[in-house]
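Welcome, and thanks for taking a look at this structure.

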Amino acid sequence: MSTSKLSDILSQLQNNSSSPPQKITSLLSSAKRELLTLDALLPRPTTPSPVLLLARQTLETGALLSIRLQQPDAFTRYYQQLLPFYEIPDSSYQTSNNDLKSQR
């Protein structure tokens with residue numbers, strides 16, 4: 001299971017938040033498809049820590065960008081998708097850089 005594509009998309013979103021709304025929306029859609037591919041749209045006990053962290057960061061970025069784009073319905077959806085991730089103990093997210101590299 002490779003997380004490199006999701007990491008790349010997330011990096012683009014975070015570094016180009018002033019891009020046109022269509023590009024941001026397209027990148028967010030791609031990121032969510034990657035989350036589906038990684039079976040990480042909803043956290044599971046078997047989801048690896050690095051994938052959990054990337055999924056949470058992706059959804060948080062989506063929520064923040066939907067505020068910037070003044071899309072309250074999209075923000076609400078991202079918020080609802082984030083709730084299960086916030087119920088997971090912080091210790092589940094602890095990972096080292098080596099763990100992230102091994103997932104790529």
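Leaving aside its neighbours within four places in sequence, Ser66 is in contact (heavy atoms within 4.5 Å) with Gln71, Ala74, Phe75 and Tyr78. This is a predicted model, in which local features need pLDDT of at least 70 and side-chain atom pairs count only at pLDDT 80 or more, while totals for chains, interfaces and linings use all residues. Residues are numbered from 1 along each chain as its sequence is written, and side-chain values use heavy atoms, with hydrogens and water left out.

**Around Ser66**
- Ser66 sits in helix 3 (residues 49-68); helices here are DSSP runs of H or I with at least four residues, numbered from the N terminus.
- With a relative accessible area of 2%, Ser66 is buried (buried means under 20% relative accessible area, exposed over 50%, and partly exposed in between, using a 1.4 Å probe and protein chains only).
- A polar atom of the Ser66 side chain lies 2.8 Å from the backbone oxygen of Gly62.

**Helix 1**
- Leu6, Ser7, Ile9, Leu10 and Leu13 are buried in helix 1.
- These residues cover an arc of only 165° around the axis, which puts them on the same side of helix 1 (the arc is that of the directions from the helix axis to the C-beta atoms).
- The buried residues of helix 1 pack against helix 2 (21-37) and helix 3.

**Salt bridges**
- The structure holds three salt bridges (a side-chain nitrogen of Lys or Arg within 4 Å of a carboxyl oxygen of Asp or Glu).
- Lys5 pairs with Glu34, with the closest N and O atoms 3.7 Å apart.
- Lys5 lies in helix 1 and Glu34 in helix 2, so this pair ties together parts that are 29 residues apart in sequence.
- Asp39 pairs with Arg44, the closest N and O atoms being 3.3 Å apart.
- Arg56 pairs with Glu60 at 3.9 Å between the closest N and O atoms; Arg56 is buried at 18% relative accessibility, whereas Glu60 is partly exposed at 26%.

**Confidence**
- The mean pLDDT (the predictor's confidence in each residue, from 0 to 100) of the protein is 87, and 89% of its residues reach 70 or more.
- Among the elements, helix 4 (residues 72-86) has the highest mean pLDDT (96) and helix 5 (residues 97-103) the lowest (46).
- Over residues 96-104 the pLDDT is below 50.
- Where pLDDT is low, the predicted coordinates should not be read in detail.

Technical notes:
Helices (H or I, at least four residues) and strands (E, at least two) are DSSP runs, numbered from the N terminus. A polar contact is a pair of N or O atoms within 3.5 Å; within protein, one must be able to donate a hydrogen and the other to accept it, and residues adjacent in sequence count only if both atoms are side-chain atoms.
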